[in-house]
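Subject: Structure handover

Hello,

Please find the structure below.

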Amino acid sequence: MIKIGIILGSTRPNRNGPQIARWVLDTASQRTDVDVELIDLRDHPLPHLDEPVAPMFGPSVHPHTRAWAERIAPFDGYLIVTPEYNGGIPGVLKNAIDHLFTEWTNKAVGFVSYGAGGGTRAVVQLRTICGTLGMADVGYQVAISVLTDFENVTTFTPRDHHTDALHKTLDQLVAWSTALAPLRALVGS
């Protein structure tokens, strides 16, 4: 069975992300074609990238990066839940991505974004970042507005079209993760 990590990409106090990530996890857990786990960046505090060499050139010298790599490596693909902050992704998410290289390569990635405009500009950035790391980003995404999809800007109220979009995203994510498995096996990633 394909194993997908749902990465909660915000650590901000009073963040809306946990509600969305829990909805994603609960919805995905009802499927029979995927095994999902939630990965909250709050549980993996990483200093600003502090490795003496770029991750693509060798193993980490720091225990915090090795622990992060061990958490990320077992997955076949990822579903990143990200807010949009000032037109982009949170710094903590970019830092977590930048700490690794081979753990991301030849894996599929999908996106669930949120923000005033649905978080779509953050996803544009993530598509570029993930593509540079050799990840295959799926076309479908879920875009959630904090202005219209939250009651009082605090309580997430998913609508049917969000669930439909999530299932389409998961369908593609599972298909791409499955298709990339032979490549990962061939190159040992």
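**Cavity and pockets**

The largest cavity holds about 40 Å³ of space. The model is predicted: local features need pLDDT of at least 70 and side-chain atom pairs count only at pLDDT 80 or more, while totals for chains, interfaces and linings use all residues. Residues are numbered from 1 along each chain as its sequence is written, and side-chain values use heavy atoms, with hydrogens and water left out.

Some terms: on a 1 Å grid over the protein atoms alone, a cavity is a set of points where a 1.4 Å probe fits but cannot get out, and a pocket is an open set with protein on both sides within 12 Å along at least five of seven lines; lining residues have an atom within 4 Å of a point. Grid points are joined across faces, edges and corners, and a volume is the space filled by probe spheres set on the points.

The structure has 1 cavity of 30 Å³ or more. The lining of the largest cavity consists of Leu41, His44, Leu46, Val92, Asn95 and Ala96. That lining divides into 4 nonpolar, 2 polar and no charged residues (Ala, Val, Leu, Ile, Met, Phe, Trp, Tyr, Cys and Pro count as nonpolar, Asp, Glu, Lys and Arg as charged, and the others, Gly among them, as polar).

The largest pocket has about 190 Å³ of space. Pro55, Gly58, Pro59, Ser60 and Glu103 are the closest to its centre of the 15 residues that line it. In that lining, 7 residues are nonpolar, 5 polar and 3 charged.

The second largest pocket has about 160 Å³. Its lining includes Arg12, Glu84, Tyr114 and Val146.

Regards
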